[in-house]
Amino acid sequence: MPSRKRSFSLLVVSGKQQSSGLLTAMLGSFSLGQVDSALSAGEAKRKLLQCVYDVILVDTPLPDEFGTDFAIDSTQNSHTAVILMVKSDMYDRMCEKVEDFGVLTVSKPITKDELYKAVKLACAASSRLLNEEKRLAKLQDKLAETKLVSKAKFVLVEKKGMSEPEAHRYIEKEAMDSRRSKALVAQEIIDGD
């Protein structure tokens, strides 16, 4: 069964109104999803407090900073992929500065086709990061459940005189019989202590 095409949220950060409008229009024409814009790093940071974007495109220089620090900081926001646009004579230097943080760098001027390819690459990176984020959340939930069950087994061993395998079987059986998770059963055992 084919999967539904994912819609992405994109943010264009450019210090020039004309460039911002042009980039926003180009990204909109790619039909990837919602495209917002900001005219400075400060404005973009305020937008990031309200929304997490899949892709952020930073057109340097910005009026309140060059844009590299903002680009690096933006990679810390969950699954966000960041593209930094710099003049071609600065490309190598900027790549060295930001590539270890996962920021994609492209040189200006850029054609529509090159921009499309860079944004599609960033969308793919964002999707992968989102999948890893979900996988990590599942692992963290499983770890929390394991800790709860271990604590409940300790309570059963100490208070009820069960062996560790008996306590484990008791929790599993109680969860299965009552159609609840082991974590819920374990929490009840702990709370009952």
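**View 1. Helices α6 and α7 cross in a right-handed sense.** This is a predicted model. Helix α6 covers residues 164–178, and helix α7 covers residues 182–192. Their axes come within 9 Å and cross at roughly 115°. From α6, the contact uses Y170, I171, E172, E174, A175 and S178. From α7, K182, V185 and I189 take part. By class, five of these contact residues are nonpolar, one is polar and three are charged.

**View 2. The loop between α6 and α7 holds R179.** R179 is not a glycine, yet its phi is positive, near 55°. Is R179 buried or exposed? R179 has a relative accessible area of 79%, so it is exposed; the cut-off for exposed is over 50%.

**View 3. Helices α5 and α7 cross in a left-handed sense.** The two axes come within 8 Å and cross at roughly 40°. The helices α5 and α7 are therefore oblique to each other. On the α5 side, the contact is made by E145, L148, V149, K151, A152, V155 and L156. On the α7 side, the residues are K182, A183, A186, Q187, I189 and I190. Nine residues of this contact are nonpolar, one is polar and three are charged.

**View 4. The largest nonpolar core has 21 residues.** In soluble globular proteins, nonpolar side chains tend to be buried together. Which members touch the most other members of this core? They are L10, L23, L27, L57, I83, L115 and V119. The elements giving two or more residues to the core are β1 (8–14), α1 (17–29), β3 (55–59), β4 (81–87) and α5 (112–160). Helix α5 gives the most, with five residues. Look at L115: leaving out residues up to four places away in sequence, L115 touches L23, M26, L27, F30, L57 and I110. Apart from this core lies another, of 20 residues, including L11, A44, L48 and V98.

**View 5. Two proline residues follow cis peptide bonds.** The bond from T60 to P61 is cis, with omega near -10°. P61 sits in the loop between β3 and α3 (68–74). The bond joining K108 and P109 is cis, with omega about 0°. P109 belongs to the loop between β5 (104–108) and α5.

**View 6. S31 has a positive phi.** Its value is about 55°, although S31 is not a glycine. S31 lies in the loop between α1 and β2 (33–38). With 53% relative accessibility, S31 counts as exposed.

Note on methods
Residues are numbered from 1 along each chain as its sequence is written. This is a predicted model: local features need pLDDT of at least 70, side-chain atom pairs count only at pLDDT 80 or more; totals for chains, interfaces and linings use all residues. Side-chain values use heavy atoms; hydrogens and water are left out. A nonpolar core is a set of buried Ala, Val, Leu, Ile, Met, Phe, Trp, Tyr and Cys residues joined through side-chain atoms within 4.5 Å. Buried means under 20% relative accessible area, exposed over 50%, partly exposed in between (1.4 Å probe, protein chains only). Helices (H or I, at least four residues) and strands (E, at least two) are DSSP runs, numbered from the N terminus. Contact means heavy atoms within 4.5 Å. Axes are lines fitted to C-alpha atoms, for helices over the stretch in contact, and angles run from 0 to 180 degrees between N-to-C directions. A crossing is left-handed if the near helix is turned anticlockwise from the far one by less than a right angle, and right-handed if clockwise. Ala, Val, Leu, Ile, Met, Phe, Trp, Tyr, Cys and Pro count as nonpolar, Asp, Glu, Lys and Arg as charged, and the others, Gly among them, as polar. Angles under 35 degrees count as roughly parallel, over 145 as roughly antiparallel, 65 to 115 as roughly perpendicular and the rest as oblique.
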